[in-house]
Amino acid sequence: MAIEYAVIAGGCFWCTEAVFKSLIGVESVESGYTGGTRANPTYEQVCSGATGHAEAIRIGFDPAQISFGDLLDVSFVTHDPTQLNRQGNDIGTQYRSAIFPANAEQEAEAIAAIARAQEDNKDPIVTTIEPLGEWYPAEDYHQDYWDGAGQRNGYCLAVIPPKLQKLKKNFANRVKSQG
C-alpha cells in the first residue's frame, strides 16, 4: 500500500483532525502548521496571527481506498469554506480555509473540488490554494486531541459532534465502524 499525503486547513486543527481520523482509507492525521514565514513556530506564535501559518492537518491516506478529491469533498462539507480567515468564533488567518497541494495533480483536483463545492454554496468559496511549504508538526498535546483532552473541552464538545454528524450524513459509506 502506497501512502499519499494531503495537507488542508479548515479552522481549528482539533476539529478537522477528529473528522478525518474517522474515514476509511485514512492511515494517519497529524495536526500542524504550514503556509507561514517563521521556522518552527509554536502554537502561541501561530495563534497570534503574526507568523502567517494556518492550523492545518497532514493526512496520510491510501489512494486505493479514498482519493484526494474525496478528502477535499469531506473538508468542504464539514467546515464553512465561505468564511474568510475564520471558522465560527475562531478568527484570524491561522483559521483560513486552504488547500496545500503536493503536486500538479493535487492542484488540479483542488480546483475541481472548489468548483464542486461552489455548486452547493450560495456564498462564494474563499478557500485558497497555496504552495505546500515547510510542514511543522504541532506540539504533542495537540495530536489526537479529540480522543483525549477534547472530550473534556467545552469548545470541542460544541463544535466536533456536529462536524461528525455532517460527515456521517453525507459520507456514511466512508466512515470507519465504531465497534
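N40 has a relative accessibility of 58%, so it counts as exposed. In this predicted model, N40 sits in the loop that runs between strand 2 and helix 2. Its phi is near 50 degrees, which is a positive value in a residue other than glycine. Most residues other than glycine have a negative phi.

N85 also has a positive phi, about 55 degrees, and is not a glycine either. You'll find N85 in the loop between helix 3 and strand 4 (86–87). With 27% relative accessibility, N85 counts as partly exposed.

## The annotated domain

UniProt, in an unreviewed entry, puts the feature "domain: Peptide methionine sulphoxide reductase MsrA" at residues 6–156. In the model, that span is 28% helix and 22% strand, and its end C-alpha atoms lie 23 Å apart.

Helix 1 (residues 13–20) is largely enclosed by the rest of the structure, because eight of its eight residues are buried.

The buried ones are F68, G69, L71, L72, V74, S75, F76 and T78.

## The nonpolar cores

The largest nonpolar core has 40 residues, and the members that touch the most others are F20, I59 and L71. At least two residues each come from strand 1, helix 1, strand 2, helix 2, strand 3, helix 3, helix 4 (104–119) and helix 5. Helix 1 gives the most, six residues.

Take I59 as a way in: beyond its neighbours within four places in sequence, I59 is in contact with E4, Y5, A6, I8, F20, V26, S28 and L71. Another core lies apart from the largest one and has seven residues, including V7, A9, F100 and W135.

## Enclosed cavities

There are two cavities of 30 Å³ or more. The largest has a volume of about 60 Å³ and is lined by I8, A9, G10, T16, V19, F20, I57, S75, T78, H79 and K163. Strand 1, helix 1 and helix 3 each supply at least two residues of that lining. By class, the lining has five nonpolar, five polar and one charged residues.

The second largest cavity comes in at about 40 Å³. Around it are A9, L72, S75, F76, H79, S97, A98, I99 and T127, with helix 3 and strand 6 (97–99) each giving at least two residues. Here the lining splits into five nonpolar, four polar and no charged residues.

## The largest pocket

Which residues lie nearest the centre of the largest pocket? They are D80, Q87, G88, V159 and K163, out of 17 lining residues. The volume of this pocket is about 270 Å³.

Helix 5 (residues 154–170) provides the largest share of the lining, five residues. Sorted by class, the pocket lining has five nonpolar, eight polar and four charged residues.

Definitions and conventions. Residues are numbered from 1 along each chain as its sequence is written. This is a predicted model: local features need pLDDT of at least 70, side-chain atom pairs count only at pLDDT 80 or more; totals for chains, interfaces and linings use all residues. Side-chain values use heavy atoms; hydrogens and water are left out. On a 1 Å grid over the protein atoms alone, a cavity is a set of points where a 1.4 Å probe fits but cannot get out, and a pocket is an open set with protein on both sides within 12 Å along at least five of seven lines; lining residues have an atom within 4 Å of a point. Grid points are joined across faces, edges and corners, and a volume is the space filled by probe spheres set on the points. Helices (H or I, at least four residues) and strands (E, at least two) are DSSP runs, numbered from the N terminus. Ala, Val, Leu, Ile, Met, Phe, Trp, Tyr, Cys and Pro count as nonpolar, Asp, Glu, Lys and Arg as charged, and the others, Gly among them, as polar. UniProt positions are given in the numbering used here, feature names are shortened, and annotations may be inferred rather than shown by experiment. Buried means under 20% relative accessible area, exposed over 50%, partly exposed in between (1.4 Å probe, protein chains only). A nonpolar core is a set of buried Ala, Val, Leu, Ile, Met, Phe, Trp, Tyr and Cys residues joined through side-chain atoms within 4.5 Å. Contact means heavy atoms within 4.5 Å.
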